[in-house]
Amino acid sequence: MDVPSTMPAESVEDGDIAADHPRERRGYTVLTHALVALVTLAVGLAVGFLATRPSHPGDDSAEAGFLRDMATHHGQAVDMGMIAYANATLPEVRSLGLDIGLTQHGQVNIMQTWLREWGLNPNGSRPPMAWMPDGEESLQDGLMPGMATQEQMEELRRADGKQVDILFLTLMRQHHLGGIHMAQEIVEISDDDDVKWLAQTMVETQQSEMNVLADLLKQAQAA
């Protein structure tokens, strides 16, 4: 007795099952693998770029140079402010000296902390003002803009009476002018938001103090 076949021979030979479409599936699989490979490559390149890109300004950057120079610049202002706080005759001058000293001392701490966090030495090897275009031309006898000479600082330390007020106010006005110039320059050339914020804060604070310094200088000279 003949036993009937359960599956037509031609369907097995052709392999033509309507619901599967093997050729289309193979094409889709190849395309998918290609896209996955491209995405994987793109992600790998992006990760590699982020891993190698500096996450902070480098040792010879304008930002590092500015922070180092401004820390030194501020250091002298702190000394001047403390001298005025201790020896000036006008209460307003003593108060201003203390305020300037404390404010700029705090900013020095911020700048040095940033340098350490960047893995940089707070004391760089580059000359003063080398971070600023044509900055070395602004040096006067090796001093950054607005800084008092050693002789002027000694004169301030030896002064007494209203001469302390007059010398402090005169020297600090010049000091602020130089500091404002430096801070404005880094705001223009830097793309680091933190450094620009700190520098702009310095500009605004010292510009507002310029009027106070001028008014107190007139008062001290008239006393």
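Reply: A term to begin with: helices are DSSP runs of H or I with at least four residues, strands are E runs of at least two, and both are numbered from the N terminus. The model is predicted, so local features need pLDDT of at least 70 and side-chain atom pairs pLDDT 80 or more, whereas totals for chains, interfaces and linings use all residues. Residues are numbered from 1 along each chain as its sequence is written, and side-chain values use heavy atoms, with hydrogens and water left out.

Me: Good. What volume does the largest pocket have?

Reply: The largest pocket has a volume of about 300 Å³. On a 1 Å grid over the protein atoms alone, a pocket is an open set of points with protein on both sides within 12 Å along at least five of seven lines, a cavity is a set where a 1.4 Å probe fits but cannot get out, and lining residues have an atom within 4 Å of a point. Points are joined across faces, edges and corners, and the volume is the space filled by probe spheres set on them.

Me: What about the second largest pocket, how much space lies in it?

Reply: The second largest pocket holds about 210 Å³. It is lined by 14 residues, and those closest to its centre are Gln140, Met144, Gly146, Met147 and Gln174.

Me: Which residues line the largest cavity?

Reply: Its lining consists of Ile100, Thr103, Gln104, Gln107, Thr205, Gln206 and Glu209. Two elements, α4 (91-117) and α7, each give two or more of these residues. The largest share, 4 residues, comes from α4.

Me: Over to histidine 74: is it buried or exposed?

Reply: Histidine 74, which sits in helix α3, is buried, because its relative accessible area is 0%. The class limits are under 20% for buried, over 50% for exposed and partly exposed in between, with a 1.4 Å probe and protein chains only.

Me: What is histidine 74 in contact with?

Reply: Leaving aside neighbours within four places in sequence, histidine 74 contacts Gln104, Gln107, Val108, Met111, Met202 and Gln206. Contact here means heavy atoms within 4.5 Å. Among those partners, Gln104, Gln107 and Gln206 also line the largest cavity.

Me: One last residue. Where does glutamine 219 lie?

Reply: Glutamine 219 lies in helix α7. It counts as partly exposed because its relative accessible area is 37%.

Me: And what does glutamine 219 touch beyond four places in sequence?

Reply: Glutamine 219 touches Leu90 and Glu92. Leucine 90 is 129 residues away from glutamine 219 in sequence, yet their C-alpha atoms are 9.0 Å apart in space.
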